[in-house]
Amino acid sequence: MKKIMMIPALVVTLGVGAAIGSTTLLSGSAQEKKILSMQEIEKKALAVVDGTVADIELDQNRYRSVYEVEVHADKEEYDLKFDAYTGKLLKQKKERQDDDDNEWVNANTTTNLISKEKAIEAALTKAKGTVTKIKLDDGIYEIELKNGQYEYDVDVDSITGEIVDFEQDMED
């Protein structure tokens, strides 16, 4: 008698679960989310802080994907974290800049520098993949690309646009 009662209860439970699952799929809440581009995040960062973006890095792990952005303003340096999918500002930290933070940029006016986009174009001539990091450091754009199999580090001269260093490793 107990077995006869459990079978209909099991069928009802499975039916309700299937109905809820199909409703979730139809409502679109299970759609694959798309990560925002570095350019979109750079615009959001500059809307928060008026300055120059010195570093953008996409940090992905099992639990969350975030962009870490470093912006240099007059005498301050801002570290911002944005949700990579929504663009929501998650964290903002402000600290005083050290004298060496802008030493190279001050010596070489930013009008001489190629854009981040041009540096990325140069890097993509050497390796194909998705840009996960770009940083301007001592006159060099340090660009990291990943393609699912390999990770590439490409250094591009910020004035000439020439590739000055290239490394390829298996992706972790």
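Modeller: Ring pairs link Tyr150, Tyr152 and Phe166 into a cluster. This is a predicted model, where local features need pLDDT of at least 70 and side-chain atom pairs count only at pLDDT 80 or more, while totals for chains, interfaces and linings use all residues. Residues are numbered from 1 along each chain as its sequence is written, and side-chain values use heavy atoms, with hydrogens and water left out.

Biologist: What makes Tyr150 and Tyr152 a tilted pair?

Modeller: Rings of Phe, Tyr and Trp (its six-membered ring) pair if their centres lie within 6.5 Å; planes under 30 degrees apart are stacked, over 60 edge-to-face, and the rest tilted. Here the centres are 6.2 Å apart and the planes make 40 degrees, so the pair is tilted.

Biologist: And why are Tyr152 and Phe166 called stacked?

Modeller: Their centres lie 5.9 Å apart with the planes at 25 degrees, so that pair is stacked. Tyr152 belongs to strand S7 (residues 150-157) and Phe166 to strand S8 (residues 163-170), so the pair ties together parts 14 residues apart in sequence. Strands here are DSSP runs (E, at least two residues), numbered from the N terminus.

Biologist: Why does Tyr152 count as buried?

Modeller: Buried means under 20% relative accessible area, exposed over 50%, and partly exposed in between (1.4 Å probe, protein chains only). Tyr152 has 9%, so Tyr152 is buried. Phe166, at 28%, is partly exposed, and so is Tyr150 at 24%.

Biologist: How do you know that Lys126 sits over the ring of Phe166?

Modeller: The rule wants NZ of Lys or CZ of Arg within 6 Å of the ring centre and within 35 degrees of the ring normal. The charged end of Lys126 sits over that ring, 5.0 Å from its centre.

How values were computed:
Helices (H or I, at least four residues) and strands (E, at least two) are DSSP runs, numbered from the N terminus.
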